[in-house]
Amino acid sequence: MSRPGDDLAYLSLVEVAARIRNGELSSVTYAQCLLDRIAAHDGQFDSFLRVLAESVLQEAAAADQALLDGAPLGPLHGMPFGLKDIIDAAGLPTTAHSQILAQQPPKQDDAAVTKRLRAAGGILLGKMATHEFALGGPSFDLPWPPARNPWNRERFPGGSSSGSGVAVAAGFLPMALGTDTGGSVRNPATACGIVGMKATYGRVSRQGVVPLSYSLDHVGPMTRTVADNALMLNALAGHDPADPASADVPVPDFTAQLGQGVEGLRIGVIRHFHNRDMIADPVVAKAIEDAVRLLDELGAEVVEIETEPLAAYSTCNRIILVSEAYAIHRHWLAERPDEYSASFLERVLPGAFLTADDYVDALRLRRRLTAGFNRTIRDLDGVVVASSMDPPFVIDDAAEIALKYSRQARAPFNLTGNPALSLPIGFDGDGLPLAMQIVAGNFQEAMIYRIAAAYEAATEWHNRRPSL
Amino acid sequence: MSGDKLDEMALQQLARQLGLGTLYDAQPQLLRQAYDGARAMAQRLRRPEDIAEEPGHIFQADNNV
């Protein structure tokens, strides 16, 4: 149901940026609209850890003045954004949604991605809820509550970039940043019905981001539409010598192929992840088949492909992730264990009992899986694959969390580093979002956006709004 | 880890060696669950047998390209 303020709050990033640029809409008006909406509704959803009401209005006023002054304007001029609270912003603490860092002093500097969004004209509106250190959760034993799904607050909104996904879906923000180590941008994007991109490993700098797993961590944009996401990645991508994994490769205009359609493209579909290796809920499987059929009708050549079993990727990813995470947290685990949430401890502690040979062998398998996957998709423009195997589950049902949290096909692409995007493809009978992933060869994000945009243009899922 | 079964005394000692004694004292079942989970995960890993198969590396001389 549409309510006053919904129309402006749900305008796309592309549309708002254009209106601000041509003077139809002031940045202050837009920011105030979002602040009003957050004040009215976020009490139900807990997506923000910190709302910067005063500074966002000051910066929005400065953005409006810059327009009047004829100053050069960035592509995100006057546009508010949110940061998952493991990403640094100068003058603010980075809490990682944890008691461990809750009393940290404010950061001196922005993370590289924060700087890039500001340089493009973005205005920081707030720091967003996350699972503790991007690993635990959903947790009810932390200084802040977990974020809740705007489509149904009793349901899990995905994690670990929960607040970012919730705020974008709820119309509190047009864009937010998440991080993704085993799927944590794409999980909340899937559960909240928005678009989330994990670009190629090395495409987006991780400097100034609290690490979870050095070799698997990615930072990624979260938006309501594909074009918005491409625009945001334009601002984020680029080589950063301060990130040792940053790739020094050309950065294209990620919006350049939007609107070119899928006619003539070869698109693979990996069905065995969700119909053999791990049996998806029928409503998820049907939505994926419907999406594949639509891509075929739009002119793509769709071919079924096979890769290694999902468990081979998932186990390899998990061993690397928890080994690296344990190494990062070892000191605090020894000295301040009672300050962690139960779910964080449960997930990180296996890292204490993995051995050097377990870790090295996982890295060796990783290389084999990565090479094999890229050989398999060599002649394809993109690949469709499941995201979550189930619709969002009940947020405080421990049995469901234990059963369903790991039922996903996102981790393979943290392992291989390939770009992967979560895209809404429908709703289940309870009105909860469903999604698929589109994956491509390394540094082929523009092609992913092209395929996703063609699907999005032929469907209406992205126009549905949660009733807050 | 040689032999993937560990009796409670050995687990307690290992936890202390790792600096996790406080946690073990408070929640021994959590450490048991972590140990058993880790070893089960390691057993599921499809380990390459050819020693010439190298790991992927984070660091490469020219910034990962």
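Contact is taken as heavy atoms within 4.5 Å. By this criterion, 41 residues of chain A and 34 residues of chain B take part in the contact. The model is predicted, so that local features need pLDDT of at least 70 and side-chain atom pairs count only at pLDDT 80 or more, while totals for chains, interfaces and linings use all residues. Residues are numbered from 1 along each chain as its sequence is written, and side-chain values use heavy atoms, with hydrogens and water left out.

Between chain A and chain B about 3,200 Å² is buried, with carbon and sulfur atoms giving 63% of this area; buried area is the accessible area (1.4 Å probe) that two parts lose on being put together, summed over both. On the chain A side, F353(A), R364(A) and R368(A) lose the most area to chain B, together 24% of what that side buries.

Six salt bridges are found across the interface of chain A and chain B, a salt bridge being a side-chain nitrogen of Lys or Arg within 4 Å of a carboxyl oxygen of Asp or Glu. D358(A) forms a salt bridge with R47(B), in which the closest N and O atoms are 2.5 Å apart.

Within chain B, the axes of helix α1 (residues 8–17) and helix α3 (residues 28–44) come within 11 Å and cross at roughly 95 degrees. The helices α1(B) and α3(B) are therefore roughly perpendicular to each other (65 to 115 degrees). Helices are DSSP runs (H or I, at least four residues) numbered from the N terminus, and axes are lines fitted to C-alpha atoms over the stretch in contact, with angles running from 0 to 180 degrees between N-to-C directions.

Definitions and conventions
Chains are lettered from A and ligands numbered from 1 in the order in which they are written. Helices (H or I, at least four residues) and strands (E, at least two) are DSSP runs, numbered from the N terminus. Angles under 35 degrees count as roughly parallel, over 145 as roughly antiparallel, 65 to 115 as roughly perpendicular and the rest as oblique.
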